[in-house]
Amino acid sequence: MLSANSPKLVPVIMAGGSGSRLWPLSRAGHPKQFLALNGDKTMLQQTVERLSELPISVPITICNEEHRFFVAEQLREINALGDIILEPVGRNTAPAIALAALATRAEDPLLLVLPADHLITNREAFTEAVMQAIPLAEAGKLITFGVVPSGAHTGYGYIKAGEVIETGYKVSSFKEKPDLKTATEYLSSGGYYWNSGMFLFKASEYLSALRNYRPDIASACDEATADLAADLDFIRIRANAFEVCPSESIDYAVMEHTENAVMIPMDAGWNDIGSWSSLWDVGTKDDAGNFVAGDVTLLDTRDSLVRADNGVVAVIGLEGVVVVSTVDATLVAHKDRVQDVKTIVTDLKKNGRSEWEMHREVYRPWGKYDSVDQNSRYQVKRITVKPGAKLSVQMHHHRAEHWVVVAGTAKVTNGDKTLLLTENESTYIPIGVVHALENPGQIPLEIIEIQSGSYLGEDDIVRFADRYGRSGN
């Protein structure tokens with residue numbers, strides 16, 4: 001998939017995962033790697049931009065079907081759009097990395113594997129660690145990067161360093177996430193590093209090790225990539241072959257078994273932003289130790305994280321709390337209990353609540369919509385269409401729609417008529433009528449859509465044509 005003159009260092013960005021511990025901001029349909037949590041750029045964009053001083057090609061990004069348009073749009077915004085490999089189902093890191101290795105095996109580059117949802121504050125130290133690892137990777141070693149620990153953290157796995165090998169250490173062993181007593185002992189004894197989940201190796205070396213230690217995974221990935229198919233900005237694999245692939249991490253599948261594992265220490269201000277307390281740790285705080293974002297007013301409040309994405313949030317007389325307010329959900333928790341947010345998400349899912357998965361504001365490749373109000377027989381949406389974008393040509397069996405333009409210009413297909421509507425103009429689309437909406441202008445188009453009918457679900461769409469290749473909504 002790479003051009004003949006591409007550099008030999010190819011970033012592989014792992015953009016899967018749900019980030020449920022950062023609910024209500026991060027949700028299954030819009031997880032943390034696609035959010036701007038600490039700055040103006042999303043976690044994915046920050047991951048790519050920190051590679052600017054390295055001799056790299058454009059990245060290969062691996063994500064699932066549901067998030068593909070997030071990846072394409074966010075990479076396009078920073079002029080870093082490369083190959084995007086779509087996983088039909090999640091199968092953990094060992095198979096995902098194998099897909100990238102197989103897609104590049106003709107060139108056999110060095111693959112720099114990076115999670116899309118980690119924070120690194122010292123880009124220079126990150127670059128230096130990767131550059132130190134390149135000669136070892138070229139010599140056939142499988143490099144993992146061990147983060148110099150800043151404390152006895154129980155939320156990370158650990159790597160025990162063995163004998164010195166050039167600029168790194170032979171991996172003695174990998175350790176599971178420890179309890180506090182064990183983590184404290186690790187730090188006291190020295191030679192232990194946090195497992196960052198970042199790797200560097202030749203594509204061929206990784207595939208060779210995978211075939212040696214997990215031939216079942218290697219065989220399934222071989223079959224899945226036997227005929228890669230391009231689809232717009234995306235690369236599709238054989239879904240039925242990948243679905244039967246075992247789910248396994250690279251650590252269990254390869255790194256714990258190989259004699260070629262080498263760890264390069266990295267002290268670069270790394271944080272996996274695995275919880276709201278982790279974000280508080282790295283955030284810029286006021287004199288009282290508060291990290292705030294949005295329209296926030298505090299009184300006698302200390303050492304807290306408060307984020308308001310919708311309206312003003314006021315906090316009085318509290319210490320060590322997390323308050324996160326979105327349009328449709330609010331979290332209030334003590335900082336010491338934020339790991340339990342995952343339990344809340346599980347309960348919401350079990351109880352059939354949509355808030356575990358989707359925001360009220362939903363992004364699509366053509367723009368976004370916000371469900372302003374709804375009942376069993378009607379729903380009101382505010383729809384924003386990007387300049388030049390077009391929704392699919394479609395019809396509904398159970399609902400009629402009334403569109404009112406509030407900003408911009410709309411090109412509307414309504415049955416056998418084509419209309420050009422501007423502000424304060426509207427059209428009515430009866431049940432069963434084929435229709436489409438397009439923004440032919442240079443500014444965002446905003447309309448209010450009023451739906452009415454016996455069923456208002458997003459799956460009541462019969463799609464006739466779609467420029468984004470979608471079959472669902």
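Q: What should I know before I start?
A: Residues are numbered from 1 along each chain as its sequence is written. In this predicted model, local features need pLDDT of at least 70, side-chain atom pairs count only at pLDDT 80 or more, and totals for chains, interfaces and linings use all residues, while side-chain values use heavy atoms, with hydrogens and water left out.

Q: How many helices and strands does the protein chain have?
A: Helices (H or I, at least four residues) and strands (E, at least two) are DSSP runs, numbered from the N terminus. Here the protein chain has 11 helices and 28 strands.

Q: Why does the radius of gyration of the protein chain agree with a compact globule?
A: The radius of gyration is taken over C-alpha atoms, and the globule rule is 2.2 Å times the number of residues to the power 0.38. For 473 residues the rule gives a value near 23 Å, and the protein chain has 24 Å, which agrees. Along the principal axes, its C-alpha atoms fill a box of roughly 75 × 60 × 40 Å.

Q: What share of the residues is buried?
A: Buried means under 20% relative accessible area, exposed over 50%, and partly exposed in between (1.4 Å probe, protein chains only). In the protein chain, 52% of the 473 residues are buried.

Q: Which residues touch the most other members of the largest nonpolar core?
A: A nonpolar core is a set of buried Ala, Val, Leu, Ile, Met, Phe, Trp, Tyr and Cys residues joined through side-chain atoms within 4.5 Å. The largest one has 66 residues, and Leu 112, Phe 126, Ile 143, Phe 145, Leu 200 and Leu 437 touch the most other members. Helix H4 (residues 123–138) gives the largest share of this core, eight residues. A second, separate core has 46 residues, among them Ile 85, Tyr 206, Ile 235 and Phe 242.

Q: Which residues is Leu 437 in contact with?
A: Contact means heavy atoms within 4.5 Å. Beyond its neighbours within four places in sequence, Leu 437 is in contact with residues including Val 385, Leu 391, Trp 403 and Ile 447.

Q: How do I find empty space?
A: Rolling a probe the size of a water molecule over the atoms shows where empty space is left. On a 1 Å grid over the protein atoms alone, a cavity is a set of points where a 1.4 Å probe fits but cannot get out, and a pocket is an open set with protein on both sides within 12 Å along at least five of seven lines; lining residues have an atom within 4 Å of a point. Grid points are joined across faces, edges and corners, and a volume is the space filled by probe spheres set on the points.

Q: How many cavities of 30 Å³ or more are there?
A: There are two. The largest cavity holds about 230 Å³ of space, and of its 23 lining residues, Trp 366, Leu 391, Gln 394, Arg 399 and Ile 461 are closest to its centre. The second largest cavity holds about 40 Å³, and its lining includes Leu 37, Trp 276 and Phe 291.

Q: What lines the second largest pocket?
A: This pocket, of about 240 Å³, has 17 lining residues, with Ser 150, Trp 194, Gly 269, Trp 270 and Asn 271 nearest its centre. Helix H10 gives the most to the lining, with three residues.
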